Number of protein chains: 2
Amino acid sequence: MNTQFVPIYQMLTEETAIKYVKDKGYLVQSENVLCEEIGDGNLNLVFRIVNEKDQSVIVKQALPYAKVVGESWPLTIKRAEIEGKALQYFSEHTPQFVPKLYGTDTLLAINVMEDLSDYKILRTGLMEEGNYPDLPEHIGEFLAHTLFYSSDFGLHQGKKKERVAEFVNPELCKITEDLVFTDPFYPSESNDFELELQKDVETIWHDPILKLEVAKLKRKFLTEADCLVHGDLHTGSIFVTGNSTKVIDPEFAFYGPIGFDIGQFFANILLNALSVEEELQSKRLQIISKTWDVFSQTFSSLWTYSEVEPFVEVDAFLEDVLKHTWRDSLGFAGCEIIRRTIGLAHVADLDSIQDQKTRIKVKKQALALGRRLITQRTIIPSPNQLSLY
Amino acid sequence: MNTQFVPIYQMLTEETAIKYVKDKGYLVQSENVLCEEIGDGNLNLVFRIVNEKDQSVIVKQALPYAKVVGESWPLTIKRAEIEGKALQYFSEHTPQFVPKLYGTDTLLAINVMEDLSDYKILRTGLMEEGNYPDLPEHIGEFLAHTLFYSSDFGLHQGKKKERVAEFVNPELCKITEDLVFTDPFYPSESNDFELELQKDVETIWHDPILKLEVAKLKRKFLTEADCLVHGDLHTGSIFVTGNSTKVIDPEFAFYGPIGFDIGQFFANILLNALSVEEELQSKRLQIISKTWDVFSQTFSSLWTYSEVEPFVEVDAFLEDVLKHTWRDSLGFAGCEIIRRTIGLAHVADLDSIQDQKTRIKVKKQALALGRRLITQRTIIPSPNQLSLY
């Protein structure tokens with residue numbers, strides 16, 4: 001094969017993906033390699049390439065468009081660079097919780113990284129009633145380290161401001177601004193819900209108190225540049241085994257509010273909790289309370305060693321930061337729960353409920369939970385007071 | 001003269017400033033021109049160049065260092081580009097309130113602009129007990145337009161995020177972070193105050209409630225990217241005549257909290273108010289209440305025409321934004337008043353009080369006012385409840 005990579009973007013095929021890996025030397029021995037495209041094709045191509053020694057890599061390439069539910073729109077391939085940089089940053093602080101990054105190719109919008117084929121997507125694992133006892137500790141630690149060390153408490157102000165500019169990510173943020181914070185609260189064409197939910201949905205559209213709180217949360221998302229956030233930390237962005245956890249896909253990363261990732265993670269655990277049997281539900285709630293405990297304890301211990309912010313010594317400042325982070329997390333979780341129920345992108349946890357009556361009932365519960373988290377976020381003091389209904 | 005401008009930074013002299021203006025054609029007729037350096041030499045060189053027809057321009061060049069009270073430290077000349085861009089942005093929305101910008105030279109860190117020699121620095125005007133009846137309307141309108149149209153309420157999210165990156169201004173922000181929000185609240189070497197204030201200053205350093213509130217305000221300054229703010233809107237950054245107002249020197253411009261400029265303006269009016277006779281004080285307070293009224297009314301009317309944020313239709317969202325803007329303004333004003341009294345950079349309004357006893361008394365009043373604005377900002381509902389003592 002004589003294909004030459006010219007320096008313009010082109011979509012990889014299984015053949016050119018193999019050639020790319022060989023040319024760049026990502027697999028040392030690569031006489032006989034197999035390549036399989038394993039992505040869902042909506043946003044990215046994902047190739048798994050394995051050699052005769054069973055060594056393998058993942059080649060992920062951003063597509064110049066996004067496809068969701070049949071719709072297709074142009075989308076910047078710059079997100080591959082953002083994803084690579086975010087993985088790089090995460091691995092500096094918590095290498096154990098992200099795939100190894102072997103290289104980023106800005107021109108071709110490619111990241112080459114560790115193959116995690118023996119891992120399972122957390123959402124699938126939870127739907128199969130899997131048990132991941134270390135998950136809360138892993139995610140709590142991941143969040144505490146990555147959020148703290150990108151914030152003004154853990155990073156020199158000049159370096160932080162450089163990062164803010166580097167991670168400006170308008171197109172991916174716009175997806176969240178529209179699909180999480182706006183469309184579900186208006187009669188937008190992008191919404192997608194069963195007819196049986198029409199009344200509940202209209203109640204949302206006409207609830208001025210709810211919408212005021214969503215407006216405030218959206219404003220936070222738009223303006224608060226606290227930390228480098230993953231930006232899309234649902235249970236489909238987490239890989240698990242029995243004792244290992246890997247956060248993947250940070251292409252939505254940007255400098256945003258400290259509670260955003262926490263909230264999205266909580267929301268997706270709660271959506272799963274609503275879909276499972278009662279005896280499993282308390283275990284799901286425990287994931288949330290344990291994750292929050294680990295996050296807040298780890299964040300607190302990093303805080304005491306802050307070398308960049310003199311005010312960390314001030315009484316009650318840490319408590320104030322954590323209190324508002326908790327509240328914001330609940331609010332963001334509420335928006336995520338609502339949009340995953342009636343917006344464009346659903347979750348399998350709810351949609352796969354076969355019995356229609358049950359599915360509608362659970363979705364109504366989801367909407368009620370989302371509304372409660374948004375409007376009561378300042379009066380739910382801690383995870384112990386968090387309930388599904 | 002045969003001097004050639006080579007493409008590296010060099011400090012202008014009166015001679016080379018004239019040559020620069022001639023070469024670039026900023027003064028059409030320039031056979032006989034006069035040039036005078038009129039800056040204070042701390043941060044910038046400012047040349048006034050006038051020709052035989054009495055046409056004139058200002059050539060402002062950023063120095064690669066800052067000098068304050070004898071100290072000197074390196075400082076990026078990139079601030080000239082920021083200043084040029086900010087003036088450009090301001091003039092798109094309120095051309096009547098900024099000097100005309102004729103050109104920006106990034107390499108030489110120069111802005112060439114309208115000569116405002118017939119204007120007076122507002123601080124001087126106020127100290128001379130001048131009367132500027134249009135000032136509140138002008139500043140209120142300037143703030144409303146420039147803040148609104150750079151925010152997510154008035155600017156498309158993608159464009160806004162580009163601007164956030166463009167106006168990343170770490171070195172100038174660090175000056176504010178240190179000198180306004182940190183040093184005055186700690187026994188820092190940069191502080192500068194009379195021995196008679198030692199006890200009051202130590203009370204500040206050991207007041208945990210005050211320091212917690214300052215910590216929160218500093219965090220807002222560090223993280224909240226609401227709007228393009230001027231960043232240094234004290235009464236020395238405003239030129240006035242009897243009926244015209246020009247905002248100058250936006251080299252500290254960056255995307256920051258919406259209340260910051262308002263707060264710095266309030267603070268410097270309040271500092272003046274403390275220094276004048278009682279019968280003049282109420283007039284100074286009226287500047288604040290009128291400016292707030294004009295700002296909030298203008299901002300509110302722009303709000304109703306927002307084409308970028310669907311949530312502007314939500315009940316009470318505007319009220320919420322204005323309420324928090326007001327509170328933040330008071331908090332920022334409190335920090336500015338304290339730092340102008342005991343920090344590195346003082347104001348002439350206080351320092352020029354000849355009688356020492358009076359000066360110390362007024363400075364103590366300033367410290368008390370600053371503390372009150374910071375700690376009571378959530379319970380002072382409107383300008384009518386604002387008092388000096």
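**Reading the interfaces of chain A**

The side chains of B:Lys216 and A:Asp320 form a salt bridge, with 3.7 Å from N to O.

User: Before we go on, what kind of model is this, and how are things numbered?

Analyst: This is a predicted model, where local features need pLDDT of at least 70 and side-chain atom pairs count only at pLDDT 80 or more, while totals for chains, interfaces and linings use all residues. Residues are numbered from 1 along each chain as its sequence is written, chains are lettered from A and ligands numbered from 1 in the order in which they are written, and side-chain values use heavy atoms, leaving out hydrogens and water.

User: How many salt bridges does the rule find across the interface of chain A and chain B?

Analyst: A salt bridge is a side-chain nitrogen of Lys or Arg within 4 Å of a carboxyl oxygen of Asp or Glu. The rule finds ten across the interface of chain A and chain B.

User: Which elements of chain A give two or more residues to the side that touches chain B?

Analyst: Helices are DSSP runs of H or I with at least four residues, strands are runs of E with at least two, and both are numbered from the N terminus. Here the elements are α5 (157-166), α6 (170-179), α8 (208-223) and α11 (317-342) of chain A. The most comes from α8(A), with ten residues.

User: How should I read the buried area?

Analyst: Buried area is the accessible area (1.4 Å probe) that two parts lose on being put together, summed over both. Between chain A and chain B about 3500 Å² is buried, and carbon and sulfur atoms give 64% of that. A:Lys161, A:Arg219 and A:Phe311 supply 20% of the area that chain A buries against chain B, more than any other three residues.

User: Which domains does the assignment give within chain A?

Analyst: Domain bounds come from an automatic or database domain assignment. For chain A these are domain 1 (14-113) and domain 2 (120-385). Their contact (heavy atoms within 4.5 Å) takes 26 residues from domain 1 of chain A and 26 residues from domain 2 of chain A. The area buried between these two domains of chain A is about 2400 Å², with 67% from carbon and sulfur atoms.

User: What about charged pairs between the domains?

Analyst: Three salt bridges are found across the interface of domain 1 of chain A and domain 2 of chain A. In chain A, A:Lys85 also forms a salt bridge with A:Glu166, with 3.5 Å between the closest N and O atoms. On the side of domain 1 of chain A that touches domain 2 of chain A, α2(A) has the largest share, ten residues.
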